[in-house]
Structure formats: structure tokens, C-alpha cells
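Visitor: Could you take me through the charged and aromatic contacts of a protein model, one question at a time?

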Amino acid sequence: MADDSVDSEAPSRQENHDKDGESGQKQSSNGAAPAESQSLSKRQRKKLLKQQKWEEERELRKQKRKERKQQRRLQRQNHHQEEEEEGGEAQTVRKRPRREVTPSSLRLVVDCSFDDQMLIKDVRKLHKQIQRCYAENRRALHPVQFYLTSLGGQLKQSMDEKDKGWVNWKDISIKTEHYSEVVAKEDLVYLTSDSPNVLEELDQKKAYVIGGLVDHNHHKGITFERAKELGIDHAQLPLSSFVKMNSRKVLAVNHVFEIVLAYLEKGSWQEAFFTVLPQRKGAVAVDKDGKAVPEKEEEDSESDSDPDTLEQTEKRT
């Protein structure tokens, strides 16, 4: 009997020991969270609480955004209704007056056949001047028929690399052919400062050619020689009749282009010159006797094209 009692007590002690072990494990597992929480620094706890609060308020923020959006929509609707009731007068006042654009039949051709005569840095300058011509023509009061001929070589490479959007340009005829193959010979007039002929007025039926060359005086008279070789008419702008210059009368491609646009708008060579010519050229008005006349300073017209001017021009159109 004694042995039986001993044996029966052994399993019960074993069961009690197992229960104590399980309870101990539960306590240790339950105490893990407080221990982990205590291991966080004050800054970490603060950050954790902030994150929890942000998550809890997510739906509230979403609802507030929705309410603000609805409120703005209602305000726009109410404002639109008020304008309609007033006959649209308020809307008319806000709108900027738009000038009535009347395209000109006059053709301006930039001759890009001098690609092999320039260094790459000068080709890039020409590229910027062409960009300026395009931008100015797009916003002109009397835009001309713009032609770009003999496009290829370094210039095309520069345009492909620096201005890939040129393939989408509007209101411009871009040709790989020479201008003599694009325009009838009798319609051509080459604008060159070396010509003895002075252009008194523009003929809307003509196509005026501008030499696409940045030469820094390395190729004096080359455009005049090209015009004579082809047997086409040539002339120079009447610069000397209205302006006294400190430097040579050779102008950048975009300056010649802009002067023509300004003349078509203003009908005056003198106004056109002083609207466009950069201050660094030292341009001074002259009277009939060729004497200098004091003139108001004009803002410098940069040769380089600005990318914001092209994006805004495109946006307006």
C-alpha cells in the first residue's frame, strides 16, 4: 500500500510542475511587450504615438479634403452663374485683348548651306538664332512664310540633340534642298550687307534670303558672292539711312528676321531698327544729313533663344 501511494503522488507532482512551467511561460510572454516598450527611447515613443495618431486621423483628413473640393466646385459654379447673369462683362474685362493676326504673303528664307564653313560652336549659335526666328514669327502680328533650306550636317545634328521638338514646329517649311530648288529664281532677293543695292521697301511677292552664317568676320562677302554666282537679286537693309553703328553692319540672323517682322507691323524702317537692334551695337538715329540724333535707349535683344519663350509660345497657340 505504501508503494502505491508513493506512485500515485509522483504523477500529481509532475502535473503540478508542468502547470507551473506553463504559467511561467505565459508570464514571460506577457511581460515581453512592457519590456520592449521600456526599451524604446522617449523620442521613439513620441514618434510611435504620432504615427498612430496620423493613421487614426487618415479618414478624417480624407473627408476634409473632399469637403474642401466640393466647396471650391460650388464657388466656381456660383461665380460662373454670376458672370452669366451680368452678361459676361466681368469675364470680358479679365481677358487680355488679343491682337488680330494677319499673315503676310512675304517669304523669309534662312539659307543653311554654310554648314561646312562654321565650327560646331558657331553652328550651335546659329541654331539658337533660328529658334528665336521661329518664336518671333509665331507671335508676330504679320507672320511671314518661313523657310529653312539646306538643313543637314552639324546644324541638324545640333537640333536633334538640343531641340528634338523641332520636328513638330508649325508654320514653317523645313527643306533639305537648296533654296534655289524651292523658290523660283525671279522671286529671290538675297539680303546681304555687301550689296550695293539698298532695299527701300518690301515686296510681298518676293522671297528674301538670309544667310545662315555665324562667321565672326572670317568669311566677309561670302553671301554676296553666292548671290552673284546664282544670278539672283540682292540688296541690303537701309540701315545707314536711319542708324549710325559703332560696329560693322553685319547683323545676326534673328536680328534681320525680326527687323523684317517689325517693319511689316510698324511700316517704318527706323522704328523697326530701334525696336530690334541690341544696345551693344551702339545704334544711334541719324537725320537726313547723316548726323547723329539723340535716341532713347532700347532694351537689348538677345540673339540666344530662351526655352521658356518657346514653351509659352506653344502654349498660347
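Predicted model: local features only at pLDDT ≥ 70, side-chain atom pairs only at ≥ 80, totals over all residues.

Guide: Residues are numbered from 1 along each chain as its sequence is written, and side-chain values use heavy atoms, with hydrogens and water left out.

Visitor: How many salt bridges does the count come to?
Guide: A salt bridge is a side-chain nitrogen of Lys or Arg within 4 Å of a carboxyl oxygen of Asp or Glu. Counted by this rule, the salt bridges come to eight.

Visitor: Which parts of the chain does the pair of D187 and R107 link?
Guide: The side chains of D187 and R107 meet in a salt bridge, with N to O at 3.4 Å. Helices (H or I, at least four residues) and strands (E, at least two) are DSSP runs numbered from the N terminus. The two residues are 80 residues apart and the pair links distant parts of the chain, namely the loop between α8 (179–182) and β4 (188–191), which holds D187, and strand β1 (residues 107–111), which holds R107.

Visitor: Why does R107 count as buried?
Guide: Buried means under 20% relative accessible area, exposed means over 50%, and partly exposed lies in between, with a 1.4 Å probe and protein chains only. D187, its salt-bridge partner, counts as partly exposed because its relative accessibility is 23%. R107 counts as buried because its relative accessibility is 18%.

Visitor: Where do E225 and K228 lie?
Guide: E225 forms a salt bridge with K228, the closest N and O atoms being 3.4 Å apart. The two are three residues apart, about one turn of the helix, and both lie in helix α9 (residues 222–230).

Visitor: Why is the pair of Y263 and W269 stacked?
Guide: Rings of Phe, Tyr and Trp (its six-membered ring) pair if their centres lie within 6.5 Å, and planes under 30 degrees apart count as stacked, over 60 as edge-to-face and the rest as tilted. The ring centres of Y263 and W269 are 4.0 Å apart and their planes lie at 15°, so the pair is stacked.

Visitor: Which residues do ring pairs link into a cluster?
Guide: Y263 and W269 are both buried. Ring pairs link these two into a cluster with two Phe residues, so that by the ring-pair rule the members are F242, Y263, W269 and F273.
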